[in-house]
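Let's walk through this one together, starting with the overall fold and ending with a couple of charged pairs. Have the viewer open as you read.

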Amino acid sequence: MLRAGGEPRPLARRRRKPRPRRLVLLLDISGSMSPYADALLRLAHVLVRHRPRWTEVYTLGTRLTRVTPTLRVRDVE
């Protein structure tokens, strides 16, 4: 305040750097959703390949399974 002649100065603030939001997909691949399971897994594959650090994919059938590492490979099948 001495440099400004005793007047209060505005506080120096930094803006936060924008970060991409994390995306968590929970895919239902149970028997009732079997017609859609392939399309959902292909969509998840594209999203994981596009942003691998920010996307997590889990499938839900009879149990919860993390499939993110499997979807990181190049082959869709």
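This is a predicted model: local features need pLDDT of at least 70, side-chain atom pairs count only at pLDDT 80 or more; totals for chains, interfaces and linings use all residues.

Residues are numbered from 1 along each chain as its sequence is written, and side-chain values use heavy atoms, with hydrogens and water left out.

Start with the layout. You'll find two helices and three strands here (DSSP runs numbered from the N terminus: H or I of at least four residues for helices, E of at least two for strands). Going along the sequence, they come in the order β-α-β-β-α. The radius of gyration is 23 Å, well over the 11 Å that the globule rule gives for 77 residues, so the protein is more spread out than a compact globule. That radius is taken over C-alpha atoms, and the globule rule is 2.2 Å times the number of residues to the power 0.38. Along the principal axes, the C-alpha atoms fill a box of roughly 75 × 25 × 15 Å.

Now for burial and surface. Of the 77 residues, 17% count as buried, where buried means under 20% relative accessible area, exposed means over 50%, and partly exposed is in between (1.4 Å probe, protein chains only). The protein exposes about 7200 Å², with carbon and sulfur atoms supplying 54% of that area; the areas come from the Shrake-Rupley method with a 1.4 Å probe, and for residues only the protein chains shown count as cover.

On to the charged pairs. How many salt bridges does the model have? The count is two, if a salt bridge is a side-chain nitrogen of Lys or Arg within 4 Å of a carboxyl oxygen of Asp or Glu.

One of them joins Asp38 and Arg42, whose closest N and O atoms are 3.1 Å apart. Both residues sit in helix H1 (residues 34–50), four residues apart, or about one turn of the helix. Asp38 is partly exposed at 46% relative accessible area, and Arg42 is also partly exposed, at 35%.

The other pairs Arg66 with Glu56, with 2.8 Å between the closest N and O atoms. This pair links distant parts of the chain: Arg66 is in strand E3 (residues 64–66) and Glu56 in strand E2 (residues 55–60), ten residues apart. Arg66 is partly exposed at 42% relative accessibility, whereas Glu56 counts as buried at 13%.
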